[in-house]
Amino acid sequence: MEGIFNQIDKIKPLYDMTYKVMLFICKLLLVADILITSIAVACRYIPFVTAPAWCEEIVLTLMAYMAVLSAALAIRRGAHIRMTALDSYLPKVVIKALDILNDVFVFGLALVMITVGWKYALKLGSMGSYTSVPFLSRFWLYFPIPVAGVAMVVFEIEAFYNHIKSIVIKEENK
């Protein structure tokens, strides 16, 4: 059985690449956010320069992207807040079962983010545009939700695989 897992483990670089791409996108968004905010603040104190009208809306959009994409990244690292106060009192099997149940719920949330987020992006996004950037559709404001949902699905599939692998290999070693 271990040979099957060794074959499937060859897909791990795909997960690593997905993680690195998402992390790189978050870094670019953060840099853009900092630059635009710095320009807007500097323009307040430079009397002959006015801040571009689009700064606030674009910064808020970039923050929305960073929030949901970084939440997807945290799923892969297992960095979300969780209750561990009772872990020392519960059997390892119960803790593992609760971890799997948690991953099932997060997977369900990711599917909802994809389906509902895409509908919102298409319907509400097509209804308007940014006030200060009229040529830019509101679609881009709602688009990070389904994108983050896809990333969450990818990382949850990896989490499920890791759970199955740990259970099967532990049982083989007994």
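Buried here means under 20% relative accessible area, exposed means over 50%, and partly exposed is in between, with a 1.4 Å probe and protein chains only. By that rule D9 is partly exposed, because its relative accessibility is 24%.

A word on the source. This is a predicted model, in which local features need pLDDT of at least 70 and side-chain atom pairs count only at pLDDT 80 or more, while totals for chains, interfaces and linings use all residues. Residues are numbered from 1 along each chain as its sequence is written, and side-chain values use heavy atoms, with hydrogens and water left out.

Let me start with the inside. A nonpolar core, as used here, is a set of buried Ala, Val, Leu, Ile, Met, Phe, Trp, Tyr and Cys residues joined through side-chain atoms within 4.5 Å. The largest such core has 27 residues, and L29, I36, L69, L73, M152 and F155 are the ones that touch the most other members. At least two residues each come from α2, α3 (55-77), α4 (92-126) and α6 (144-173). Helices here are DSSP runs of H or I with at least four residues, strands are runs of E with at least two, and both are numbered from the N terminus. Helix α3 supplies the largest share of the core, eleven residues. As background, nonpolar side chains in soluble globular proteins tend to be buried together.

Take I36 from that list. Contact means heavy atoms within 4.5 Å. What does I36 contact, leaving aside neighbours within four places in sequence? The partners are W54, C55, I58, V59 and L62.

Now the outside. There is a nonpolar patch on the surface, made of M1, I4, I8, I11, L14, M17, V21 and I25, with about 700 Å² of accessible area together. The elements giving two or more residues to this patch are α1 (2-8) and α2 (12-45). Helix α2 gives the most, with four residues. For the bookkeeping, patch residues have over 30% relative accessible area and no salt bridge; like charges are joined within 9 Å, and nonpolar side chains (Val, Leu, Ile, Met, Phe, Trp, Tyr) within 5 Å. The areas come from the Shrake-Rupley method with a 1.4 Å probe, and for residues only the protein chains shown count as cover. I4 counts as partly exposed because its relative accessibility is 47%.

Next, charges. A salt bridge is a side-chain nitrogen of Lys or Arg within 4 Å of a carboxyl oxygen of Asp or Glu. The count by this rule is five salt bridges.

Back to D9, then. D9 pairs with K165, and the closest N and O atoms are 2.6 Å apart. K165 is in helix α6 and D9 is in the loop between α1 and α2, so this pair ties together parts that are 156 residues apart in sequence. K165 is also partly exposed, at a relative accessible area of 23%.

The next pair is D16 with R76, whose closest N and O atoms are 2.5 Å apart. This one links distant parts of the chain, with D16 in helix α2 and R76 in helix α3, 60 residues apart. D16 is partly exposed at 24% relative accessibility, and R76 is partly exposed at 22% relative accessible area.

A further pair is R138 and E57, at 3.6 Å from N to O. R138 is in the loop between α4 and α5 (139-142) and E57 is in helix α3, 81 residues apart. Is each of them buried or partly exposed? R138 is partly exposed, with a relative accessible area of 23%, whereas E57 counts as buried at 17%. Salt bridges that share partners also join K12, D16, R76 and E158 into one network.

E158 is in helix α6 and counts as buried because its relative accessibility is 9%. Not counting residues up to four places away in sequence, E158 touches Y15 and R76.

Compare E156, which also lies in helix α6. E156 is buried yet has no salt bridge, and the nearest side chain of opposite charge, R76, is 11 Å away. Beyond residues up to four places away in sequence, E156 touches I75, D103, V106 and F107.

Note on methods: Lys and Arg count as positive and Asp and Glu as negative; His and the chain ends are not counted.
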